[in-house]
Amino acid sequence: MLNEFLFNVEIGVSHVLDINAYDHVLFLMVLTIPYMFKDWKRVITLVSLFTLGHTLSLVLAAYNVVAVSGVLVEFLIPITILVMAVYNIFTAGKGAQKERIGLLFLTSLFFGLIHGLGFARQFHMLADGSTNKLILLLEFALGIEIAQIIIVFIVLFVGYVIQTIFRFSKRDWVMVLSSIVVGLVIPMLLGSAFLKS
């Protein structure tokens with residue numbers, strides 16, 4: 001029982017930290033970089049809403065309530081990253097993350113739904129033969145949340161070091177990292193099967 005629990009949590013952690021599927025990490029980066037360590041509660045709330053959306057879409061897919069084309073979802077995931085990165089670039093240093101927090105909460109939840117649909121096919125294979133899909137989902141979601149919190153704290157720590165030791169302004173930090181993410185996401189979009197179909 002404990003081994004099964006740890007296995008399912010580990011799959012959730014691996015899903016986020018998979019080096020070959022770094023879209024999840026890129027999204028967490030652009031979600032986190034506008035914030036400082038003192039804002040950690042807000043960032044964790046945003047990330048938890050993302051996990052909630054991710055889990056909800058997996059529940060809907062696992063119980064065959066929704067079925068979305070994998071090609072469309074694989075196109076929409078980089079779009080969500082691009083939207084957040086561009087939003088950061090246009091609002092860097094303007095405090096928009098504090099003013100529009102309700103909008104960011106809803107966006108995180110919605111983008112979590114999209115990202116969750118991207119894992120639905122693999123989850124179906126994982127859940128095959130499972131006696132309780134809901135328990136499996138919750139254990140998997142716990143793994144996702146653990147991995148996301150690790151990434152958030154790494155990004156916050158690196159941001160602190162860059163801004164404190166290397167004297168980067170917060171605006172420059174947000175602009176540079178968001179621009180790098182845009183540069184990584186555009187090839188993902190251009191190479192998507194959706195655009196080629």
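This is a predicted model: local features need pLDDT of at least 70, side-chain atom pairs count only at pLDDT 80 or more; totals for chains, interfaces and linings use all residues.
Biologist: What makes the link between Q148 and H24 a polar contact?

Modeller: A polar contact is a pair of N or O atoms within 3.5 Å; within protein, one must be able to donate a hydrogen and the other to accept it, and residues adjacent in sequence count only if both atoms are side-chain atoms. The side chains of Q148 and H24 are joined at 2.7 Å, and this is counted as a polar contact. Beyond its neighbours within four places in sequence, Q148 is also in contact (heavy atoms within 4.5 Å) with residues including V16, L28 and F50.

Biologist: Why is the pair of F27 and F111 called edge-to-face?

Modeller: A pair of aromatic rings is described by the distance of the centres and the angle of the planes. Rings of Phe, Tyr and Trp (its six-membered ring) pair if their centres lie within 6.5 Å, and planes under 30 degrees apart count as stacked, over 60 as edge-to-face and the rest as tilted. By this rule the count comes to seven aromatic pairs. For F27 and F111, the centres are 5.8 Å apart and the planes stand at 75°, so the pair is edge-to-face. This pair links distant parts of the chain, with F27 in helix α2 and F111 in helix α6, 84 residues apart.

Biologist: How do you know that F110 and F111 form a tilted pair?

Modeller: The ring centres of F110 and F111 are 6.0 Å apart and their planes lie at 45°, so the pair is tilted. F111 is buried, at a relative accessible area of 7%, whereas F110, at 48%, counts as partly exposed. Ring pairs link F27, F50, F110 and F111 into a cluster.

Biologist: What places K133 over the face of Y63?

Modeller: A charge sits over a ring if NZ of Lys or CZ of Arg is within 6 Å of the ring centre and within 35 degrees of the ring normal. K133 is at 5.6 Å from the ring centre of Y63 and lies over its face.

Note on methods
Residues are numbered from 1 along each chain as its sequence is written. Side-chain values use heavy atoms; hydrogens and water are left out. Helices (H or I, at least four residues) and strands (E, at least two) are DSSP runs, numbered from the N terminus. Buried means under 20% relative accessible area, exposed over 50%, partly exposed in between (1.4 Å probe, protein chains only).
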